[in-house]
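Subject: Structure handover

Hello,

Here is the structure I said I would pass on. Please open it beside this message; my notes follow below.

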Amino acid sequence: AISSRLVAQSTPALRYGTGSWEPDTLGNHRAVVHVDKPADAVFAQIPWRRRDKAPQDVNLVVFSATTQQRVTNIRRITDSRELGELVFQATTAGDYYVYYMPYTGTFKSNYPKITYRPPQQTADTAWLSRNRLAPLSRPTQSTSQLAVNRLPVATTIGFDAVNDFSRFTQMEYIAGAAESDTLRARYANEPFLAFAEDRKNSIRMIDDIPHVWAERGAFMPFRGNADRGEAYTWQIGVWAHRRAIDSLSYRATAFTRVGGTQSIPASAIMSFNVQGTDWSGANFTRALHVDSGKVQALWFGVNIPSTTAAGDYSGTITITARGGASHAIPITLHVSNNVAVNHGDDAPANLTRLRWLNSQLAVDDAVAAPYTPLKLAGRTISLLGRSFTFGADGMPARITSSFNANNTAIGKTSRDILAAPAKLVVRNDKGSVIAFTGAAPKITKRAAGAVSWDTKQSSGALTLHSNATLEFDGTVEYTVSLAANARTILDNIVLELPINADAAKYMMGLGQKGGIRPDTFHWTWDVAKKNQDAAWLGDVNAGVQFTLKDEHYVRPLNTNFYLSKPLIAPTSWANNGNGGCDIVPSSVAVTRQSLRNKSARGTATRVTHSDRVTVSCYSGRHTLAAGDSLRFDFRLMITPFKPLDTKGQWSTRFFHAFVPVDSAQGRGANTINVHHATRVNPWINYPFLEPAQMRAYIDSSHAKNMRTKIYYTVRELTNHAPEIFALRSLGDEVLSHGPGGGYSWLQEHLGDDYIAAWHVPEIKDAAVVNSGVSRWHNFYIEGLNWLVQHEKIDGLYLDDVAFDRITMKRVRKVLDRGNPGALLDLHSANQYNPRDGFASSANLYLEHFPFINRLWFGEYFDYDSRPDYWLVEISGIPFGLMGEMLEKGGNPWRGMTMGMTARLPWSGDPAPLWKAWDAFGIQQSHMHGWWSGHDPVTTSDANVLATTFTKAGSAMIALGSWNDADTRVTLHINWKALGINPARATLRAPAIADFQNAATWKPGASITIPAKKGLLLIAEQR
């Protein structure tokens, strides 16, 4: 109960400032109360108007501003959300600080767990007794009330936050219950109330209206100030004050100049909450639902032409709900004589960038380097190093690769990946194959970067309709619909991919770690725990990944957030656990009964080899009612995507730290990756708030002929992003639903329903998880373009990727068009673990590989694993990429057999190796890998592998041992291939710090290879 000693003050009349104290001890907020005279007990009433739900469950801590001593004798009287009342001992006159949200937890963690301290009884019983105050554990309101009524009053004079960013804004001080009821009564006949608000006052609360709205009233006219050429934004908050609202929408009029005829057309005005264009280019509208008692913010934007005359422009925004209920709000925009620079985008706080949510920048069918335009001849499409032929049924009939065995160039001969045409096999309830007939496939798109074809076939009551698109990188997307016009029972639907065994040497995905393919493999769906819907089978220079989807596919969260938003099992393929995939050689007969034997799945057994491997992805039994249809979508990616850029690998040397450019250059690096939490890029995935400092740093690197890339990706977003509350108004479109918690700022300002992500304790940067694929990717692309144009960045360092292939393709085009030669660099920790859904990182991110330049895989990768694991899961070589090692510095000797080193300064010191490279002239060499079968140097031990880098008159031989003990080997050298006369040849190991000592051998001599290490030899002619 609120005390009868009511001395409540109007909240806006109080001052709001900042102070300096230790927030991890006392919290982020305090009230300041003033005591005129010392007293054994004073009464204070604090009109805090708190948005947190249970103030009574949070402790209060009182300090004297004069003595800096804690006051322990306090007694709480009232703890409502509107105000707090307490009695405390004031031994001196002056100000007292009441810290009313102290918290505790793991403050220094990157994933902090913060809870608010519960109430604590610190008052002395004698003090309580002499002031006739009941102990907190035994409240006696009547007794306490009598005591309170006779006490002197301490006056609340204001509130402080620990810093300006932590302050509660006027949008976060709640209206009281009586004030809300008065507002409801004032608009008793309105189905909803609407409040226009300036962009600088982002609407932050969903469950309460702010006090200023209760004072101001609903449907009031709004006036904003904009510049010519500005993408001006504002908001309208809709409160469902009586009942839920369905189909919330709006209608805008033109904004006409007062006293003139010029106008801003209604078509220039939009609400980002109601309409937009998604990341793939599709337009959409949606009618919003607002639960009873909730607040929905509608963010509006208007593109003001730069030719607009200065003056006042007036119009209306009419908010409408289902049933025809509507209300118009008068809007006046004052347009100044100033012309906005870049539509106002250079000032992020103005929120003009919200229009980026609907950007279609780089959504086109143009080709990105190094790819070539597609060529269509009949049903065969030629692309960089590969060809794809579709059959009369529209399905893949032939896939070839022309990359050489080292995957360093495109050769003149090709090899077939498919052993026979792929088929979608549909069986009737008797188990017989249904034969479909129809017209030949029809070409529906023919562009430089994409070719599409459409195929319709039928059989009795069934119609099979497929649409496929092949793009320039070798990605083929199939949407396949199977529809019935009468009730039909189907025994099974199977996608069969017959692959030549020599083009299926390795496998990765569906729970199988990368490496040599098991002879047989069986798998079923388990999306709750496993991020698995795809697998890759291939050799280094020829392979294919398949991915199974349907129309409900939504990209799951990745890394350690997977379990919060896992894969949505495709209704068709997964079929309530009846679907799965079998990968078997053709010499093994697999009966229908064994396919359905779930106990046999998930194991791999060795059988005899054959010339073909068949991937059979099956759905099991389906019953289709008349009018039903199922989508059996799938994607194929033909690997490798491009030849290895060995010269780029040898010449690009990374330094991962924000240090003076001279320092990085002095260590031998020429490319700096600037992470977040640095002076020029402090806030994670929002690198726009320190533009002058970032540009100065990048300019200084360019002056030294160095490149600077920055950390900027999509997965989580800093709480410092000015758009964060506008994004929250979009529901879970951009920010993921979740349990809340995490760092105190998130709990105090976002409230709940989010997933707390990465936190940097030193600067209090607290991120939340993005939902996955959304319009935020459009914003991201525009942000990248701004960085390229204004900050002159040389590329991106991507720390895992939460966006899809479409977005990555746009990223590549924006970089190429703004800064040719810019680099995309992908880092990932090993995601084959329970939290990440047992997903192999290379398989998970394969859709991005065509567009990136470099890999850094990464924490938790097992560098003690077999070389086939290295090749498939770490190196990137089978896909046209190369990279570096990270975990514990990697293994530099084994790494050299795949052209890999570490990175400064995080994973060892590769500088001595770089010097050895330069001394040899590795940038002018050709790499012949141990995987190719054509390596001019091999060893006498199968576990000691050799990769040779050749150039005129000399060769560098990298030897890496996978033996647990020292091993003596002899080298088998094709001297002719090296162009060296063996009679005049020498073998030497140059001295390389922390790698090897100098030594020489005669050709044919045995060489000792240290356990789990290796050597780097130079073969040359005297």
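Is the crossing of α13 and α14 left-handed or right-handed? The crossing of these two helices is right-handed, meaning that the near helix is turned clockwise from the far one by less than a right angle.

The model is predicted, so local features need pLDDT of at least 70 and side-chain atom pairs 80 or more, while totals for chains, interfaces and linings use all residues. Residues are numbered from 1 along each chain as its sequence is written, and side-chain values use heavy atoms, without hydrogens or water.

Helices are DSSP runs (H or I, at least four residues), numbered from the N terminus. The axes of α13 and α14 (residues 805–818) are 10 Å apart, at an angle of about 15°; axes are lines fitted to C-alpha atoms over the stretch in contact, and angles run from 0 to 180 degrees between N-to-C directions. α13 is therefore roughly parallel to α14 (under 35 degrees).

α10 (residues 691–703) and α13 (residues 776–791) cross at roughly 60°, their axes coming within 10 Å. Pro691, Met694, Arg695 and Ile698 of α10 touch Trp786, Leu787, His790 and Glu791 of α13.

Phe546 is in contact with residues including Leu497, Asp533 and Arg635, leaving aside neighbours within four places in sequence.

Regards

Conventions
Contact means heavy atoms within 4.5 Å. Angles under 35 degrees count as roughly parallel, over 145 as roughly antiparallel, 65 to 115 as roughly perpendicular and the rest as oblique.
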